[in-house]
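Biologist: I would like to go through this structure with you, term by term. Please tell me what stands behind each label.

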Amino acid sequence: MSKVLLEIQGLRKQYGAVEVLKGVDCTMHQGEVISIIGSSGSGKTTMLRCINMLEDFQGGHIRLDGEEIGYDQSGSSRKRKSEKEIARQRALTGMAFQQFNLFPHLTAAKNVMLGLVKVKKMPHDEARALAEKWLDRVGLKSRADHYPGQLSGGQQQRVAIARAIAMAPRLMLFDEVTSALDPELVGEVLQVIKGLAADGMSMLLVTHEMRFAYEVSSRVIFMNQGVICEEGNPKEMFVKPKTERLAEFLKTSSFN
Ligand SMILES: Nc1ncnc2c1ncn2[C@@H]1O[C@H](COP(=O)(O)OP(=O)(O)O)[C@@H](O)[C@H]1O
Ligand SMILES: [Mg+2]
């Protein structure tokens, strides 16, 4: 098996007094595509946001390539890393959200180039070439100089994915990237994600598209009330769920 990329141990997260992650454990290998499914409020988004340090967490460990994310531990005391260090670690993962969050005043190419130039300090021409390469890969070569407002939702989401991928993250996090799209635009975005999976990109993706999760994932995680309730390969999970909760969830989902 390939090397461990992401290791989550005993992850706990509270919002005020409410515990929303209650000890999540997960080990992911390089090149794996893991889908996270589960009902609304089960903690899927929070888990991704902790990995990306968009949220603080109160307990447990997240390691990426063996590197402790977010906190330094010495003995029993735990200290948040410096903002600079957290920014560096955040760049190890790329994230795409339900909302595309493109800059409306920048063209598709400029949206993709921004992080390359500002964060990676890449020369303009090189950044432009890389942006064009990735826009081409997501099927938007001819749209490089269009503004987000001139693009469909599906096209905008593909720009957002190109923007994240262009930064060469070790791991891509997708949070319901098709949920805000009109049904006829969902397929083109899922197709892009499938292409990335085929290229060996490591991906953790929260999705409501059960058929897609079934087809693309090497493993599926079912979250329930802040813990991983069941996990396994897609066949086991979707065809022979072990827990009553997963069986119930699948009944109400779009798999059939
Ligand atoms: N910023 C926040 N403040 C307080 N509670 C939150 C916040 N974000 C999420 N929650 C709560 O945390 C729980 C998990 O939410 P979330 O991770 O968004 O679930 P999912 O993505 O599985 O729908 C929910 O009960 C939600 O209401
Ligand atoms: Mg969510």
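What follows is a set of questions about the labels, each answered from its cut-off.

Modeller: First the ground rules: this is a predicted model, where local features need pLDDT of at least 70, side-chain atom pairs count only at pLDDT 80 or more, and totals for chains, interfaces and linings use all residues. Residues are numbered from 1 along each chain as its sequence is written, chains are lettered from A and ligands numbered from 1 in the order in which they are written, and side-chain values use heavy atoms, with hydrogens and water left out.

Biologist: Why is the protein chain called as compact as a globular protein of that length?

Modeller: The chain has nine helices and twelve strands. Helices (H or I, at least four residues) and strands (E, at least two) are DSSP runs, numbered from the N terminus. The radius of gyration is taken over C-alpha atoms, and the globule rule is 2.2 Å times the number of residues to the power 0.38. For 256 residues the rule gives 18 Å, and the chain's radius of gyration is 18 Å, so the chain is as compact as a globular protein of that length. Its C-alpha atoms fill a box of roughly 50 × 50 × 40 Å along the principal axes.

Biologist: What makes leucine 11 count as buried?

Modeller: Buried means under 20% relative accessible area, exposed over 50%, and partly exposed in between (1.4 Å probe, protein chains only). Leucine 11 has 0% relative accessibility, so it counts as buried. This residue is found in strand 1.

Biologist: Which residues is leucine 11 in contact with, leaving aside its neighbours within four places in sequence?

Modeller: Contact means heavy atoms within 4.5 Å. With those neighbours set aside, the contacts of leucine 11 include Leu21, Val24, Cys50, Phe57 and Ile62. Glycine 23 is twelve residues from leucine 11 in sequence, with 4.6 Å between their C-alpha atoms.

Biologist: How do you know that strand 1 and strand 2 pair?

Modeller: Two strands pair if DSSP finds at least two bridges between them. Strand 1 and strand 2 have nine bridges, in the antiparallel sense. Glutamine 14 stands opposite glutamate 19 in strand 2. Two residues lie between the strands of this hairpin, where glycine 16 takes a positive phi near 60°.

Biologist: And what is the strand order in the open sheet of four strands?

Modeller: The order is 2-1-4-5, with antiparallel pairing. Strand 2 (18-29) and strand 5 (67-68) are the edge strands, as each pairs on one side only. Strand 1 (residues 4-15) and strand 4 (residues 59-64) are joined over five bridges. Helix 1 (residues 44-51) packs on this sheet and touches strand 1, strand 2 and strand 4. Its direction makes about 115° with that of strand 1. Axes are lines fitted to C-alpha atoms, for helices over the stretch in contact, and angles run from 0 to 180 degrees between N-to-C directions.

Biologist: What is the strand order in the open sheet of six strands?

Modeller: That order is 8-9-10-3-11-12, with mixed pairing. The edge strands are strand 8 (93-96) and strand 12 (227-232). Strand 11 and strand 12 run antiparallel, joined by five bridges. Isoleucine 221 has glutamate 231 in strand 12 as its bridge partner. Helix 1 packs on this sheet, touching strand 3 (33-37), among others. Helix 6 (residues 183-198) packs on the sheet too, touching strand 3, strand 9 and strand 10.

Biologist: Why is the pair of phenylalanine 222 and phenylalanine 249 called tilted?

Modeller: The structure holds three aromatic pairs. Rings of Phe, Tyr and Trp (its six-membered ring) pair if their centres lie within 6.5 Å; planes under 30 degrees apart count as stacked, over 60 as edge-to-face and the rest as tilted. Tyrosine 214 and phenylalanine 238 are edge-to-face, at 5.8 Å centre to centre and 70° between the planes. Tyrosine 214 is partly exposed at 23%, whereas phenylalanine 238 is buried at 7%. For phenylalanine 222 and phenylalanine 249, the centres are 5.4 Å apart and the planes lie at 35°, so the pair is tilted. Phenylalanine 222 is in strand 11 (residues 219-224) and phenylalanine 249 in helix 9 (residues 244-252), 27 residues apart. Both are buried.
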